Every structure is written in structure tokens, then in C-alpha cells.
Amino acid sequence: MKNITMLMTMLVFTIASYGQKKANYGETAEDSVNCVKNYSLYIEFYKQKNYKDAFEPWQNTMKYCPKLSKSLYINGSKIYKD
């Protein structure tokens, strides 16, 4: 009986902690996915010095995860200048 009670308690805590997972960036998991996707696109265009194509993904990265990195702002000024 003690084992069953212990198992049930562990199960309840596991389910409760699973339901409380927070997204890494933004309010929702969808925001996190958009952040990672747009950051990847923007950084690849930026590395190739294709600032015109980097602008839109950079803008979306700023929208979904503005606290991602300090370089986001530094690179943004370079994109705007171009």
C-alpha cells in the first residue's frame, strides 16, 4: 500500500511539472520556435553580408526574442546602415 501511495505521489508531481514547462523565448512554445527559426535565417544572411535578406528575419527575431543576445542590436545597426 505504501508503494502505491508513493508511486501515485510521484506521478502527480511529474504530471504537474510537465504541464508547467515554459518556453525558452517568448510567451509560448510557438514564439520559441519562431525565434530560433528567424534567428537562424537572419544570422546566415548576415554572415554572407546579404543585409537586404537578413532584415526581415532580424526584425522577427527582435519581435519574438529581443533579449536573445547583445549582438542582435549591434548587427541590427549594421543592417539598417546598409
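Student: How many residues apart in helix H2 are Glu44 and Lys47?

Tutor: Three, so about one helical turn separates Glu44 and Lys47. Helices are DSSP runs (H or I, at least four residues; strands are E, at least two), numbered from the N terminus. This is a predicted model: local features need pLDDT of at least 70 and side-chain atom pairs 80 or more, while totals for chains, interfaces and linings use all residues. Residues are numbered from 1 along each chain as its sequence is written, and side-chain values use heavy atoms, without hydrogens and water.

Student: Which kind of link do the side chains of Glu44 and Lys47 form?

Tutor: Side chains of opposite charge can pair when their charged atoms come close. Here Glu44 and Lys47 meet in a salt bridge, 3.7 Å from N to O (the rule: a Lys or Arg side-chain nitrogen within 4 Å of an Asp or Glu carboxyl oxygen). The count comes to one salt bridge.

Student: Is Lys47 buried or exposed?

Tutor: Lys47 is exposed, at 59% relative accessible area, and Glu44 is partly exposed at 39%. Buried means under 20%, exposed over 50%, partly exposed in between (1.4 Å probe, protein chains only). Asn38, also in helix H2, is buried at 7%. Beyond its neighbours within four places in sequence, Asn38 contacts (heavy atoms within 4.5 Å) Pro57, Asn60, Thr61 and Tyr64.

Student: How many residues does the largest nonpolar core have?

Tutor: In soluble globular proteins, nonpolar side chains tend to be buried together. The core here has nine residues, including Tyr42, Trp58 and Leu72. Helices H2, H3 and H4 each supply at least two, and H3 gives the largest share, four. Such a core joins buried Ala, Val, Leu, Ile, Met, Phe, Trp, Tyr and Cys residues through side-chain atoms within 4.5 Å.
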